Amino acid sequence: MDTKAVIELERKYILQTYVRPELVLEKGDGVYLFDTDGNRYLDFVSGLSVNALGYNVGMVQEAMTAQAGRLIHVSNLYHTVPAPQLAEMLCERSFADRAFFCNSGTESWEAALKFARKWAYKTFPEKPKYKFVAMKNSFHGRTYGSVSSTGQPKYHKGFEPILPGISFADFNDLESVEKLVDAETAAVILEPLQAEGGIHLAQPDFLRGLRQLCDEMKMLLVFDEIQSGLGRTGALFCYQHYDVEPDMMTLAKALAGGLPIGATLMRQAVADAVEPGDHAATFGAHPVSCAVAIEVFKQLSDPAFIAGVKAKGEYLYARLGEVRDRHPEVVAEIRGKGLIAGAVLKDVAAGDVVGAFRERGMLVCMAGPDVVRFLPPLVIGKGHIDEVVAALDEILNGS
Ligand SMILES: *Cc1c(COP(=O)(O)O)cnc(C)c1O
């Protein structure tokens, strides 16, 4: 099928919830993607932080076909082999004691909200404690609980009323959280690195202050590491850059090498409040996703691999910093950590820059209207970073 026919079919039959460029991606290999016209693209999006190991990864395909040959699905009415093995690995390498598996980021966040409320209900039976303090500018997904806790009014518009009991503090402003917290607050919920909201990293004092506040007020601290987790920031989990641990944390994107999966990790105190029948997901703990995730996690959690991400991240910042210094009139700031970076632009639309990259055979994406987001596969080389930085320079010279 040719490119034009695919796009016409899409425009006719697919619900138009995305604006996509005029190309159809057909295959991938390593850090490159290829479209139906045979054009090659250096990928600095990695399927929105999903394809951390790149494309056409033999180990992913082997794990997938081996498990598919044994068993694809039986539901959670029965034990299966891969899920508990994956849960053990995630718990041993994090703060957590237990894992719940589902199929996407938003679903893992919905589960976290439900478990937090159930924990509060069981722990404080005599008084209502159900509120959440979330952050402005956050992003937690598009289902109702997740979108209700997303602190960006544009995502609520037309869908109100949203879930009650959620208020929004200023990110990195402890006082603004303290003002919103009361005896009915069950949890403070946030991304330690706001990704979609423009690449904002939490300050150490802010997270430390939140941990202390949550302990004092008997609230849970819940982190969304759906995008920042699993090596992306140069640590296995973003919270490990800080001496602060959450009580619950969500993972998804990179966990199963491109297959759908979500995980909600929690301490035993939260797990104790959840009983059989409280929550479920027919496809959750999917044997194929979990079997692939076991192999992907071995790689992503390898200390040498993470050290490599950290080093490449430092290189990326140094090089992007040079671009900022050369173009102070259009680049306001470079933000991020590890291999998630945002170039904050002024007087130039990020969408135009994304388009100019595409014309040069490179894919990058946006994080809001004025931020160009760089999210390469973690297996990228320094030479690829040089290519993208040179292209950015060239694009900004022309703007
Ligand atoms: C992508 C993302 C989500 C939503 O994940 P989906 O799989 O798209 O539902 C939630 N939180 C963060 C931080 C994300 O980056």
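Begin with the largest nonpolar core, which has 108 residues; such a core is a set of buried Ala, Val, Leu, Ile, Met, Phe, Trp, Tyr and Cys residues joined through side-chain atoms within 4.5 Å, where buried means under 20% relative accessible area with a 1.4 Å probe, protein chains only. Select V177, V188, L190, F357 and F374, the residues with the most contacts inside this core. Next, highlight helix α10, residues 287-300, which gives the most to the core, with eight residues. Helices here are DSSP runs of H or I with at least four residues, and strands are E runs of at least two, numbered from the N terminus.

The model is predicted, with local features requiring pLDDT of at least 70 and side-chain atom pairs pLDDT 80 or more, while totals for chains, interfaces and linings use all residues. Residues are numbered from 1 along each chain as its sequence is written, and side-chain values use heavy atoms, without hydrogens and water.

Now centre on L190. Beyond its neighbours within four places in sequence, its contacts (heavy atoms within 4.5 Å) include W109, M135, H140, F171, F206 and D224. Then move to a second, separate core of 25 residues, with A111, A120, A187 and V270 among them.

Finally, display the whole protein chain. It contains 13 helices and 17 strands. Its C-alpha trace spans about 65 × 55 × 45 Å along the principal axes. Of its 399 residues, 54% count as buried. Among contacts between residues at least 6 apart in sequence, 70% join residues at least 24 apart.

Conventions:
Buried means under 20% relative accessible area, exposed over 50%, partly exposed in between (1.4 Å probe, protein chains only).
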